[in-house]
Amino acid sequence: MRHTIMALFPAFAEVECDKVDDSTKELDWLNNKSFQTGDALSLHSRFLERNSERLNEKESSVGREVSTEEEQKEEGNVPSKRKKKKSEKKRKKKKKHKKKSGRYSSSGGSDSETVYPSDLKREEEGSRPQAAPLSSRFSWLDDLQSPTEQPFCVDRKADTANWTYKSLYRGDVARYKRKGSSSLGLDPLKQGVSWEESESNKRHKGGDKKKAADRYFSTVSRQLLRSEPPVPTLPTIPDCSDAISPTSFLPLGDNEDNKEEETGVRVQTSSANPLGVYDSSTALWLQGKGQQVQTEPQKQDTPTEKAGRTEEFNRRLREQPADTQLWVQFIRYQDELTATVFGMEEEQQGKDPSERCKSSHRAVLEKKLSIAERAVATNPSCVALQLERLRICQELWEPSLLTKEWKKLVFIHPNSAPLWREYLLFTQSYFSNFTVSKVNSAYGKCLSTLSAVRDGSMVSHPALPGIEEDMLDIFTQQCHFLRQSGHSEKAISLFQAMIDFTFYKPDSVRELSTKQQVEFFEPFWDSGEARVGELGARGWKAWMLQQERGGWLQPSAEEEEDEEEDEEEVKDRSQPRHTIWLDVESSREAAHWLPWRPDKSKGQSEEDCEDPDRQVLFDDIGPSLICLSTPELQLRLLLHFLSFLGLPIDRVLSATPCQPGLLLENLSFLTQGNDLRRPLTSHDLPDLGINSVGHMTTLQGTRKFAGLGKQGETFVTNVLNMLQPVLPAPHRAALSLSWMQYEKFKVLHCLHGSNKKRLRSQGKRSKRVSKQLLKEPDNRSSLVLWREYAHLEWLLGNLDEARKVFSTATVMGGAKGLKSPSLCELYLLWAQLEVEDGAGVQAGGITAVTVSPAVCVLTRLAEGTCPSSSSSSQAPSPVSILKARKSYEQALTAGLSALDPNLHNPQACRKGQDDLPRLRALVGCYALFQYLTMGIQAANAIYSQARETMEALHQKLILNKQLNSNEEANLASTSHTSSLHVNRLASECEALAVQQAALLRYHNSISVFPLATLRETLTSSLSTWPSSAPLWSIYVQVENRYHSAGRARRFFHSVTRNNSSVVPRLFAIFAEQQRKQLVDAALRSGFHDAALPILPENGLSNRVRGLFERTISTETCSHCPLLWRMYMHFLLSDGQVDKAKGIFYKALQNIPWAKGLYMDGVQLFPEHLQEFVDLMTEKELRLRLPLEELDILLED
């Protein structure tokens, strides 16, 4: 008899019967060979008969149910199969659907029930006679009266504990011991079973407790935060044929669920799916088709998106392997990728989090290194990719191998000044290989190599444009490095030698190469002849001429020999040992920063020097001497030297260093502009945050005296007097202005103190020096110097004398009026001082116009007349005020319109400095005039108009300079001229922004005015000039007056996100520190009821720490001494001594050359004095007071 095999899909039963013998067909897996069609038909017919009988005899069936229940009670827990069948049938009656095939249906049509073959099979098996099973009760085998064929029981009662605990009770599981780890039926060579429990199962073995909710720091929560949020679905409007009938609800169902419901209802029948019982994927498979690709873009999770970006990078790099910027972006992208990939794998068990962090960081470094090496192999001549590779290797390679690679790189590219800067920074900041002598020799090697390239001695590499500017910048950086490491004598000797080598060079050696000129210069340096700044110095040129004539006799030094009386260095022996060491070290630094020279008139020799480090040998400075060919660079050298000595200089002519963060080390950089007595003029001399020579102390230490002391002041005077005759007239004016501002700076320093006697003596000395400068023939008609002298008199309190000086200077200016920038600057300062003096000024009021001396001064400027000191108090007429306003408006319009052609004229700066655009004084006078006569809104409009025009021109010039950089590379003078124009215009724009902010803040302090205007001005200015310290100082002062810090924090974040400068980050930290001090002061006060409700700030310490950590993690800010020293002091003030000590050692890894850091360490951690001094000795930092000498001083 042939048995018919039942198909798994009834619709294809007939097809399967025809093809059952063909076992090779692909539909063979659909056959259910364990079930026969004939049995199914007989069971189904029998089931239908019983169903009809049951419908006719309902009462009897009810009676049978009752009897069955009674039998159940009698027999115990034996389950009733009939009851089970009836309950199943009752459930089946509720499910109605179409019949699957005609031969399985009765005349009832659609009313028949669904027939499942498994139910029929079970029913037939139940009707067959079976052996009497063992009792359903559990019983011991020994208790059985007779043996049975099936010695086991079937427990059909559900155990709820299995649903609760998801496993069997451990007492029901037989205990056993496994012999070996093999398993029957497995190939031991290829297969195996691990019988060890995982760590997670061991940890959660007692799984009877509910799992606690995941905290915010758990792995699951972090993954959820990293994943992108789902796109919110908008409520869909149901399709309605009647548009008028309103809907009573908005359906908010998920789109995918709706689609599934729609597909489940509207299934289309076809030849492959005649009954519509298959889903779409099965129907397509039966037709031999693949599943259709979904057209809707599925939202990818974060790792998938990262993988997509990586694939995009790889594709673009294959297509554009020469795109170096793309390589660098791909290398930097690995850090962003790591945050996702390693974040997802943080659930590594059995590892400490710090170990996981270290392993992941090293893995990322190795991956970045492999990418960098591939990029370098593709672009071997690209210096940027080489630098990126070495930065990555700095954390992977040994110091010796890393140093070797750096030397190899600079050997291949000896003419690249940016590469030399990076190499010097690496040598200077790599603690493992750092010593002062190594770094100083590296600077000498760099400058001598660049000099050989400049001279053409190195034929293999041509000189790049701007190489002299780069050499001068590196030379200045070397001098500051020596000063910061305590070797002030070597830095001063470098400047002395460079000035002699530049300004007093004999004509006979000018045509030689730099190396040959240095060889001729060495005999002069070793001859003992007086050098620049020393008494009787004549210069290298005069010495060479005299040597050719037979030399000259050394004059007997009968001049004044002020023997400095040795003061008692240890003034208070009761102080702690570390405090005495700090005081003596600082005082010696301030007194002995000049190199020691033997006095031959006294018969001294080099052996008489008590401290050999005070002597400077030619080998320490000879390799660093360079040649400067243009007068502009020679002037820049002089200005750098004066700034090194502490004199204010013109920032435009001196140019900012390429790495200004390395020089910041003074807290005054953050606190400038806080003088409330001078709200309009306190930003005239901005503080650069760089300590002058001789000022080496702790972070919060103060200067003991203004200036450089008696010996230092004599040195500065000698330098300036010696250089004046050899400079052209414009350069002499720049030096005289710097000298005059230096005298004013010393008076301001005394004003901040409380010693009136010192102020009077300093005032007399400064006035004497200023009058001597004004007596010079070139300076008698200099309005700039007369302005500074009048300001000096005003600061000393001589207001009448200052007004006379102003009036005298205006007469010298003649009738130029608004066309003279110097005259406008003089009038502006006069008017600002009058406003600050506040002689009856009520800003913006009509009555103020008739009594304000400032209005009279500004009106006379517009008229072109010269006001006298007595007439400045006379009220101008309304007509003259109107005429003055018209004159100002016409002058400003003409100046702005003439600004663009002048900037594009390359011949402009060859006529002199005065032809450069200088409109800030004119704009300041006009704005102040409008403020005093019309109000703050009119003044603000003037500033906004001028700034908008000038800043637009500045951006245009920057773009043009970038586009034409290749063309200008051929003309060094043209390039220097254009850069000078751009720097001058940038300085003018920044000065206007500072003037506008200062005026708005002044008006806000004396009258009611909305703060929104001041905030908007500051934010727009700082967005354009993010490195302006005066603007940031005003911004911090304004925002700290109000407790709401959210706006300021968001603005700081927006600026620092797009700018790599350290200045905005320092001010962001400083603002939070000031806020914390305010909160702490309020909490320490006894009036808690008044302070606490308005101080809801929490976590300020953590916020400040976070700002510090983010700042020191950036590449450009990690080498800023001021940043590290502030961080260390903050942690100690917050009581975190151990963390502060850790930051100190971390700072040593980044700024090992900063002697001030070691002095801060001695002050904050005095128990480690011996360790820090030994470390300074090991790294060859200048140590002026060894501890052995300190012990001797204390014993005496």
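Tutor: Axes here are lines fitted to C-alpha atoms, for helices over the stretch in contact, and the angle between N-to-C directions runs from 0 to 180 degrees. Please keep in mind that this is a predicted model. With that rule, the axes of H30 (residues 783-795) and H31 (residues 799-813) come within 8 Å and cross at roughly 170°.

Student: What makes H30 and H31 roughly antiparallel?
Tutor: Angles over 145 degrees count as roughly antiparallel; the crossing of H30 and H31 is at roughly 170°, and therefore the two helices are roughly antiparallel to each other.

Student: Which residues of H30 and H31 meet?
Tutor: From H30 they are Leu783, Trp786, Tyr789, Ala790, Glu793 and Trp794, and among their partners in H31 are Leu799, Val805, Phe806 and Met812. The residues of this contact divide into 11 nonpolar, 1 polar and 3 charged.

Student: Why is H43 called roughly antiparallel to H45?
Tutor: The axes of H43 (residues 1062-1084) and H45 (residues 1100-1112) cross at roughly 165° and come within 10 Å; since the cut-off is over 145 degrees, H43 and H45 are therefore roughly antiparallel. The contact includes Arg1065, Ile1069 and Val1079 of H43, together with Leu1100, Leu1107 and Phe1108 of H45, and its residues divide into 7 nonpolar, 3 polar and 5 charged. As for handedness, H43 passes H45 in a left-handed crossing.

Student: How do you know that H27 is roughly antiparallel to H28?
Tutor: H27 (residues 709-723) and H28 (residues 729-752) pack at an angle of about 160°, with their axes 11 Å apart, which makes H27 roughly antiparallel to H28. The crossing of H27 with H28 is left-handed, and Glu713, Thr717, Leu720, Asn721 and Leu723 of H27 meet Leu735, Trp739, Tyr742 and Lys746 of H28.

Student: What makes the charged end of Lys505 count as sitting over the ring of Phe501?
Tutor: The rule asks that NZ of Lys be within 6 Å of the ring centre and within 35 degrees of the ring normal; the charged end of Lys505 is 4.6 Å from the centre of the Phe501 ring and is assigned as sitting over that ring. Lys1179 likewise lies over the face of Phe431, at 4.3 Å from the ring centre.

Student: Which residues form one aromatic cluster with Phe501?
Tutor: Phe501 forms one aromatic cluster with Phe521, Phe524, Trp525, Trp540, Trp543 and Phe618. Rings pair if their centres lie within 6.5 Å, and by this rule the count comes to 36 aromatic pairs.

Definitions and conventions. Residues numbered from 1 in each chain as written. Predicted model: local features only at pLDDT ≥ 70, side-chain atom pairs only at ≥ 80, totals over all residues. Heavy atoms only, no water. Helix = DSSP H or I, 4+ residues; strand = E, 2+ residues; numbered from the N terminus. Parallel < 35°, antiparallel > 145°, perpendicular 65-115°, else oblique. Left-handed = near helix turned anticlockwise from the far one by under 90°. Contact = heavy atoms within 4.5 Å. Nonpolar A, V, L, I, M, F, W, Y, C, P; charged D, E, K, R; others polar. Phe/Tyr/Trp six-rings, centres within 6.5 Å; stacked < 30°, edge-to-face > 60°.
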